[in-house]
Amino acid sequence: EMLSESFLGMALTLQERSEYMRNFAAHVSHELKTPLTSIRGAAELLQDHNDLKPEERQHFLSLIVNDTNRLKRMVTRLLELARADNITPDNEVSSIDEVLEKLQKQYATENLSIVPSSCNLPLARMSADNLTTVFINLFDNARQHQATIVNVGLSVQDGFVVIDVQDNGTGISTANAAKIFTPFFTTRRESGGTGLGLDIIMSLLRSHGGNIKVTENSGGAHFILTLPCA
């Protein structure tokens, strides 16, 4: 009976993984196809029309450069997501207080105040590098949505560190809240958003036994993160 349950669990896991890969491949194909089509169209126009005015030529060259940069950002984020998806948790632990202290100094130069609650927490079961990646993705999202302050509440519950992150930015609409963890979903596509930041956070947290969820908030974005205590 135990062997049967084990095989059933493994089969379900493989099925879910296979479905995830199919959906992800479809998303990647769509996201890459759009800038590639734009680049090809602009290049063909430049190649076939030698009588273009200088401003027209410059316009198409700018399209090529912008879409090339978009592809570069997307490939970089995809590599980060692949690393997060395939990470193998080790025995590293880190101090959330120390990580936040370093990020406070970093974001102070970018007009974003990180305000953690005062709490003597146990160490979290995640390396400082991975924890820094989680916070940077959250804080960058907040800054890009006009936030100037991010409050970080810290507590311990049932063997987990609970991290309550609230900012004073433009927030997340009710309609978008259900889609923000979908790969490639972004409201900032025109300004360089790839829609992979929250997916990277979720992959890192879940691989370490944690999780993230969005919570309704009257103003700004509000996320609840959990990580096992060391």
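The model is predicted, so local features need pLDDT of at least 70 and side-chain atom pairs count only at pLDDT 80 or more, while totals for chains, interfaces and linings use all residues. Residues are numbered from 1 along each chain as its sequence is written, and side-chain values use heavy atoms, with hydrogens and water left out.

The protein has 6 helices and 5 strands; helices (H or I, at least four residues) and strands (E, at least two) are DSSP runs numbered from the N terminus. Going along the sequence, these elements come in the pattern α-α-α-β-α-β-β-α-α-β-β. Taken along the principal axes, the C-alpha atoms fill a box of roughly 70 × 55 × 35 Å. Of the 230 residues, 35% count as buried, where buried means under 20% relative accessible area, exposed over 50% and partly exposed in between, using a 1.4 Å probe and protein chains only. Contact here means heavy atoms within 4.5 Å. Among contacts between residues at least 6 apart in sequence, 70% join residues at least 24 apart.

Helix H4 (residues 128–144) is a handy place to start, and helix H3 (residues 96–108) is one of its partners. H3 and H4 pack at an angle of about 40°, with their axes 10 Å apart. Axes are lines fitted to C-alpha atoms, for helices over the stretch in contact, and angles run from 0 to 180 degrees between N-to-C directions. That angle makes H3 oblique to H4: angles under 35 degrees count as roughly parallel, over 145 as roughly antiparallel, 65 to 115 as roughly perpendicular and the rest as oblique. The two helices cross in a right-handed way; a crossing is left-handed if the near helix is turned anticlockwise from the far one by less than a right angle, and right-handed if clockwise. On the H3 side the contact uses Ile96, Val99, Leu100, Leu103, Gln106 and Tyr107, and these meet H4 residues including Leu131, Phe135, Ile136 and Phe139. Sorted by class, this contact has 10 nonpolar, 2 polar and 2 charged residues. For that sorting, Ala, Val, Leu, Ile, Met, Phe, Trp, Tyr, Cys and Pro count as nonpolar, Asp, Glu, Lys and Arg as charged, and the others, Gly among them, as polar.

H4 also packs against helix H6 (residues 197–207), at an angle of about 150° and with the axes 9 Å apart. The two are therefore roughly antiparallel, and H4 passes H6 in a left-handed crossing. Asn130, Thr133, Val134, Asn137, Leu138 and Asn141 of H4 meet Gly197, Leu198, Ile200, Ile201, Leu204 and Leu205 of H6. This contact counts 7 nonpolar and 5 polar residues, with no charged ones. H6 itself is mostly covered, with 9 of its 11 residues buried; among them are Asp199, Met202 and Ser203. Just after H6, glycine 209 takes a positive phi of about 85°.

Asparagine 130 sits in H4 and is buried, with a relative accessible area of 5%. Leaving aside neighbours within four places in sequence, asparagine 130 touches Arg83, Ile87, Leu204 and His208.

Now for the rings. A pair of aromatic rings is described by the distance of the centres and the angle of the planes. Rings of Phe, Tyr and Trp (its six-membered ring) pair if their centres lie within 6.5 Å, with planes under 30 degrees apart counted as stacked, over 60 as edge-to-face and the rest as tilted. This rule gives 2 aromatic pairs. Tyrosine 107 and phenylalanine 139 are edge-to-face, at 5.6 Å centre to centre and 85° between the planes. That pair links distant parts of the chain, 32 residues apart, from H3 to H4. Phenylalanine 135 and phenylalanine 139 are stacked, at 5.6 Å and 15°. These two phenylalanines lie 4 residues apart in H4, separated by about one helical turn. Tyr107, Phe135 and Phe139 form one aromatic cluster. Tyrosine 107 and phenylalanine 139 are both buried, and phenylalanine 135 is buried too.

Asparagine 111, in the loop between H3 and strand S1 (113–116), has a positive phi near 60° and is exposed, with a relative accessible area of 63%. Glutamine 146, in the loop between H4 and strand S2 (149–157), has a positive phi near 65° and is exposed at 55%.
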